[in-house]
Amino acid sequence: MTFRFPLAPVFCAALFSVAAYAADAPATFSKDVLPVLQKNCQTCHRPGEMAPMSLLTYAEARPWAKAIKAAVVSQKMPPWFADPNVGHFRNERRLNAKEIAILSAWADSGAPEGNAKDAPAPVKFNDGWNLKPDMIIEMPTDFHVPASGAIDYQYMLVKGNFTEDVWVTSAEMRPGNNKVVHHGEVWVRPPQSQWMRNAEPGVAYSNGEMRRSGAEGNDIIGKFNPGIGAQDFTLGGAAKLIPKGSDLVFEIHYTAVGTPQTDRTKVGFVLSKAQPKMRYVTGYGPQASNLLIPAGDGNAEVVSEITAQDDVILAYVQPHMHLRGKDYEVRVIYASGESESVFRGRFDFNWQFGYELAKPVQLHKGDRLVGIAHFDNSANNAFNPDPKKEVIWGPQNWDEMQNCFMGLLIDVKTDPATIFKSSGPSLQKRVPGKGGPTLSALEIPKQ
Ligand code: HEC
C-alpha cells in the first residue's frame, strides 16, 4: 500500500528585518497591521473566544500595541511550538519575518491608525459548523464550570448507538461555550475497550478516575483547540472507522472565567459515501511508562520507542506530557540505520497542540519511532507542583507522562492494535533512583 504524496510546499524565508521595514513608509493599522491580525490573530482574539482581548478594530488593538510587539517578537503569539528547523506542517501557524517587522514598526512609531479607507473588509467568521455534518452527537448534560480555580480534565461518556460500522471522512468538535473550553478531544471507544466501562453516561468524571490504557483501539476522532476548525481524514483516500457498538468519550479541559458557566459540547461527522482505501487511526505512539525524573532536575531526558510491525504511514503527531514537560522530538530510525527527525518543539501543557506532517512518512516493518522528551523538574518551572519530588508515570497532573498521539494511515484490514510494538528503552525496567530511560538506552544499528 505504498503511494506517493504530493511534494511538500517549499517555504522561503522572507528576507525582511525590522530595520528594513521601518525605513519604508510608516506602518499604519489600516493598511499594514489589520491584514496581519485578520490572518493570524482574530480567530482567537475576538468577542466570545477565549483570548483575553479582541483585536478586531483599531480602538481595540491600539492599547495593546506594545504588548503585541512583545508577544510576536518573543514568538509567544500566535501560539505555535514547532522548531522551524525541523519539518513543515499543514496546520502551521507562524508569522513570517515581514509580519513581525510590520507589527514591531507600528508599535515603535506610536501605533498610528492611518487612513481607514486602506483597511480590508472585516473577516466574516463562521460561528456555525465548518463542515456539513451528516450526524451530530452532543453531550447529554451540561458541564457546570465554576467561576474560579483550576479545573481538572473532564471525561464524559456519551452513548453512540451505532448499529453498524460507520466511516467518517471529517469531524468537528464544537464547544457549546467557547469562553471556557480551552481544548478537548472526542474519542471513539470501541466495544472491546474497557476504558470507562463502569462510567455512567452523561456524568463528568475528572482526570485520574479515568485511566486509559494503550492497546484497546480507542481512537481520537475529533479535536478542539481555538481556531482549529474541522479535521479531514481523507489523506490517501482514508477515513476513520467507528466500529459498530462503539461509544464516544468527550475529554475536555475547561478554564474558569470569573463567573459560573455551563457547556454542552458536540461533535459533527461527515460520513463516507464510498468504501475508503485506507483507515486513519489516531492513538498511542511511543510511551515511557517506565519513566523516572529525578527531583530538582531542570532538563531530565526521557526516551520511548515503538517498532512498526507492518506498513504504516505517519501523518500526525501530538506529544503529551504533564506540567513538567519541556520539549519533545519525534525521530524515525529506519531499519537501514538512517534516521530523521519529523518533529521537534517546545511543549506547553496548556495547549496540547497536534502537528500535521506536510509530508507524511512511510514506515515499513522494522522501522522505529522514537520519542525524545525533556522535563523541567526544577524550582525554575513555575508550573512544577513539587520540585523536591522524584516523579514517575501516572495519570494525575502531579505525576508525569511521556507519550505521543499519532495519526496513522493503515490498511483497512489491519488491526490498529498490531501495528506497533514497544521496543528498546520502553521495555527497560525502571531503576530506583536512576533517571530515564535516556538516549543512551537507544540501540543504533551499525551501518
Ligand atoms: C490560538 C489562539 C490564539 C491566537 C491565534 C493568537 N492568540 Fe494571542 N492569546 C491567546 C490567549 C489564549 C492568550 C492569553 C494568554 C495565554 O493563554 O497564553 C493570548 C494572549 C495574547 C497577548 C497578551 C500577552 C501576554 O503576555 O499576556 C497578546 C499581546 C496577544 N495574545 C497577541 C496576539 C497576536 C498579535 C496574535 C496574532 C499574531 C495572537 N495573539 C494570536 C490566544 C491566541
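Here Ala, Val, Leu, Ile, Met, Phe, Trp, Tyr, Cys and Pro count as nonpolar, Asp, Glu, Lys and Arg as charged, and the others, Gly among them, as polar. All views show a predicted model.

**View A. The shell around the ligand.** The ligand is surrounded by 19 residues, and the closest are C41, C44, A51, M77 and P78. By class, this shell consists of 15 nonpolar and four polar residues, with no charged ones. Helix α4 (residues 65-73) makes the greatest contribution to the shell, with four residues.

**View B. Two cis peptide bonds.** M77 and P78 are joined by a cis peptide bond with omega near -10°, and P78 belongs to the loop between α4 and α5 (97-108). The bond between G436 and P437 is also cis, with omega about 0°, and P437 is found in the segment after β23 (420-422).

**View C. The largest nonpolar core.** This core holds 82 residues, of which V168 and L408 touch the most other members. Strand β16 (residues 312-320) gives the most to it, namely six residues. Beyond its neighbours within four places in sequence, V168 is in contact with residues including I221, F233, A239, F269 and L271. A further core of 22 residues, including L34, A101, W106 and A107, lies apart from the largest one.

**View D. Two loop residues with positive phi.** N161, although not a glycine, has a positive phi of about 50° and sits in the loop between β3 (154-158) and β4 (166-174); because N161 has 9 C-beta neighbours inside 10 Å, this residue counts as exposed. Q352, likewise not a glycine, has a positive phi of about 50° and sits in the loop between β18 (339-346) and β19 (355-363); with 19 C-beta neighbours inside 10 Å, Q352 counts as partly exposed.

Notes
Residues are numbered from 1 along each chain as its sequence is written. This is a predicted model: local features need pLDDT of at least 70, side-chain atom pairs count only at pLDDT 80 or more; totals for chains, interfaces and linings use all residues. A nonpolar core is a set of buried Ala, Val, Leu, Ile, Met, Phe, Trp, Tyr and Cys residues joined through C-beta atoms within 7 Å. A residue is buried if 20 or more other C-beta atoms lie within 10 Å of its own, exposed if 12 or fewer, and partly exposed in between; C-beta atoms are placed from the backbone. Two residues are in contact if their C-beta atoms, placed from the backbone, lie within 7 Å. A residue is near a molecule or strand if its C-beta atom, placed from the backbone, lies within 6 Å of it.
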